[in-house]
Amino acid sequence: MVLRYHVAMPDAPGGRPEPEPRAAAPRALGLAGVVVGVVASGGLLALALRSLEPGDVVAAWRSSTPWPWIPLAVAAYLAGHLVRGQRCRTLVRAHAPLGLVAASNVVVLGYASNNVLPARLGELVRAGVLAERTGMPVTQALTVTLLERLLDALAVLAFLVLAMTRLPPDPWTLEIARVAGVGLGVAGAALATAALAPGLVIASVARATAGLGANTQTRAVRLTAGVVDAVVTLREPSVLAPVLGTSLLVWALETAMFVLLLPAFGLAADPWRGAAVMSVANLGILVPSTPGYVGTFHWFCANALGAQGVDAPTALAYAVVAHLSFFVPVTAWGAVALLGHGVRVGRAVALARSARRPGPGGEVAGWAYRRVALRAAPGAAEPPPPPPFLRALAEALVDGTGAPPEPAALDRAARFAALQLRALPPALRAAHAAGLAGFRAWITVRHGRSFHRLAVPARRRAVDAWAFGPIAPLRQLLRPLRSLLLLGYFESVASAERGGRAPREAAP
Amino acid sequence: MSGAPARRAQVLVIGSGAGGATAALTLAERGHDVLVLEEGPRIPDSRYGGDAVDAMDTWYRDRGMTPILGRVPIGFVEGRCVGGSTEINSGFWHRTPRETLLRWRTRFGLDVTPEELEPCFAWAEALLHVSLHAGPRPASTELFARGIERMGWSAQEVPRAARGCQGSNACAQGCPTGAKQGVTRRLLPAAVAAGARVVADCRAKLLTRRGPRVTGVFAELGLGDGRRELVHFEADHVVVAGGPLQTPFLLRRSGFRYNVGATLGLHPMLKVVARFPAPVDAEAGVLPLLGVREFWPDVSLGGAFTTRGHLAMQLSDAWPAARGLLAERRHLASYYVAVRGSGAGAVRPAAFGEAPRVTYDLSTDDLRHLSQGLGRLASALLAAGATEVWPTVQRLGPIRAEADAVRWLDELLDRRRLSLTTVHAFSSCPMGELHERTATDSRGRLRGTENVTLLDASVLPDSPGVNPQGSVMGLARHNALRLADELAR
């Protein structure tokens, strides 16, 4: 069982718990971050471009071979985000179940936001979305986010140290490792203390804030408890092992991205060189910078490569491509995820706003209500004709059951299945329709005619091969349809045999 | 109620199923103004007892196509009509086991004792005519009893909310004789007689709030002519009883998220079709009535609803080999293995569409219990004389010998081949005094609000280990009585 630390607080009158602590408004912090970020990025970009001829960079880019290296690098990078999603799921598992796609979307939203917001404000966005998706307090979600980032930094540092043992000594890289090591060592020690001695941390905060008044102390203790609650899950081996494992896998995949880009510029795909460049570039962008780390990333990445003996124009061209390889796909993924999230949240907000609008009154069952809007009447629901494909599928399924097929029951089963499929959730319906289109296309290509024009035995063979074959996704594709068609057909046959139904008797 | 319409409801109840009907009757009887909003339609008597094709269109949410997503997708069905799922279930009735209640006290701090619930169960049982089957037991039950006896297991006949059951075998399509006691038989008519109003075809979409108080409900009301109106009802107190999926969906949309929708539990169910040498005519009688208690609470075995369409559907996992079996349908009967789910489930608003996105990860324990349950059920049915047992597992084929059945006591079924369903979902907004694990207190009062009470399966702290209707109604009655007292002050 995962331990959880909560501070017992008496409920307010009426059973209402104390409001959850809110995240501090990031306005002042954000403004300072913007200024520092712009200055840092501008300076580092100028340093990166200093003494470079733009023509040399363009020439290096033109001499590169993007295919297949850049797509492979992007694929490795995106796979890393799925692993990050899995890690996020593990970290919040004690608080709320989160699907892999939902967790990956949360992670990617943070990255994408960092690409368009300055000073790593994307981390706040990520925490906010995580809180919304899981129901965790924002403080706790922010802690989980910071925990992930700390684990990332530690993993990156580990990769750097490992690479340095395999590469020729380089004072510049060594200095970066030393600075990062000190900072991350302190943060890691704090993390370990919170995880191993949570009671001590909470008690210390309570003592330290005792003189600041009851309200402030309560807030501070509650805040600390929220942080500790997120961190303490790492005490569980069943959490710690997968979290450490996925953290290393994430950065192995990110290293793969950097390694795969090397051959695109005529450089050997040396994993240690890739690991060193990846580590330095990622530790470098911990420095607050402009959105997307423009300048900062390029400077650190190009210098790390330069330290390995690569000429400056090639190193900068490599840095530009590496930057675009993570910037474009993750921003696009984030935009799609944000669209889904925005639609979901926006719909509830729109409803709430609509409900506040004044409107005329109405009445139902003796109760008054306020009318907000009138929706247009839907068209009259005509029973749809039985789709030929579904009817043909039903006929193939009932073939060989010992009785000739009943045409009326086939019609009803096909119509029933079509209506049932329409009731599926939109995403599932779309996926199912796409799969069925694939099935029908396969039949058409293989037999030169559409499914419903095939003879019944040929249809039956095709259905048996897909719906009952060894390939699980194909079985799952046809599973709902074959179940619905068989249910609809045999219920219809039985109903026709019974000749109708008995009316309900009056209540006794 | 007469004269000018009331401006605001004193208590607005969302949902008219087991929890909502119990709340409406309890509150109305004590003189409170109660307005019940039901998303589904009021079903006319002429639609009771149709076939499954009709029924899925009429009675079921999403036409019975509510998927629970996960590594093993699970089909979930619930009612969406006046009376909710009580109109389409089998009427099986269990009080919450004492052991379960004590566990809930320990694990969730539930401040309700078995003794306190006793009169609440008795009240519901009297209204629903909960009793044992009066007539002769159907052949499918007798055969099951024989198998259980030969295995040396303990079993019991499960009482049902039914009076004068004639074995129409149409529980899932609305009982055509009125014997099965859905809440539209006694509870809702009694609530209406006590002054409650029931508005059908009215879907609650959002709770509107001002600070910690909910001010009313924003709903979509069908006008009866195909048009739908977006309306706002004001209320002093709101009881949410929309069921284990719709309640957390509504709450999360309305901004209530603390422990809401994060702990959905299920009873995953695997069905089998048994073929007997002599006719059992399961299609023509009441469903098997015995429940095996031997492996409770982790595994329950019992009889399932059997119609020709359902038989075909259950055999469809092995259809190339089983397609000829329906010619012998008089020899076939359906049974089930249900397990006390220990996986993690969640209910969240979906990005698109007006339905929640429901997920459940079948745990390894669930898989082990399903596998062992299949082994035991198949053994019992073979011991009862069945010649073949066909499980709803793709590419598995029939089990014909006990030696084949018992392998599942040790081996695990392949997740990717399971065809699972469930009709029991719960605990998406668990109740209790343990703040960090629960969404409501022991009275069902939603944390973070002053005037919202949850009274449905969503508040069961975790699996009751039995059919949850009795637990839902017992706890709803218990908490509705306290709410009535509170509102009267």
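Reply: Contact means that heavy atoms lie within 4.5 Å. This is a predicted model, in which local features need pLDDT of at least 70 and side-chain atom pairs count only at pLDDT 80 or more, while totals for chains, interfaces and linings use all residues. Residues are numbered from 1 along each chain as its sequence is written, chains are lettered from A and ligands numbered from 1 in the order in which they are written, and side-chain values use heavy atoms, with hydrogens and water left out.

The residue to begin with is Gln314(B), which belongs to helix H8 (residues 308-315) of chain B; helices (H or I, at least four residues) and strands (E, at least two) are DSSP runs, numbered from the N terminus. Gln314(B) counts as buried because its relative accessibility is 5%; buried means under 20% relative accessible area, exposed over 50%, and partly exposed in between (1.4 Å probe, protein chains only). Apart from neighbours within four places in sequence, Gln314(B) touches Lys271(B), Val272(B), Val273(B), Phe305(B), Ser334(B) and Thr392(B). With Ser334(B), the side chain of Gln314(B) makes a polar contact of 2.6 Å. Such a contact is a pair of N or O atoms within 3.5 Å; within protein, one must be able to donate a hydrogen and the other to accept it, and residues adjacent in sequence count only if both atoms are side-chain atoms.

Chain B also holds charged pairs. A salt bridge is a side-chain nitrogen of Lys or Arg within 4 Å of a carboxyl oxygen of Asp or Glu, and over all chains the structure has 46 of them. One joins Asp462(B) to Arg103(B), with 2.4 Å between the closest N and O atoms. Asp462(B) sits in the loop between strand E22 (452-454) and helix H12 (469-488) of chain B, and Arg103(B) in helix H3 (residues 98-108) of chain B, so the pair ties together parts 359 residues apart in sequence. Asp462(B) is buried at 15% relative accessibility, whereas Arg103(B), at 23%, is partly exposed.

Another salt bridge, at 3.8 Å from N to O, is formed by Glu220(B) and Lys205(B). Glu220(B) lies in strand E10 (residues 213-222) and Lys205(B) in strand E9 (residues 202-210) of chain B, 15 residues apart. Glu220(B) is buried at 8% relative accessibility, and Lys205(B) is buried at 4%.

Asp441(B) and Arg445(B) likewise form a salt bridge, their closest N and O atoms being 2.7 Å apart. Here Asp441(B) is buried, at 9% relative accessibility, and Arg445(B) is partly exposed, at 27%.
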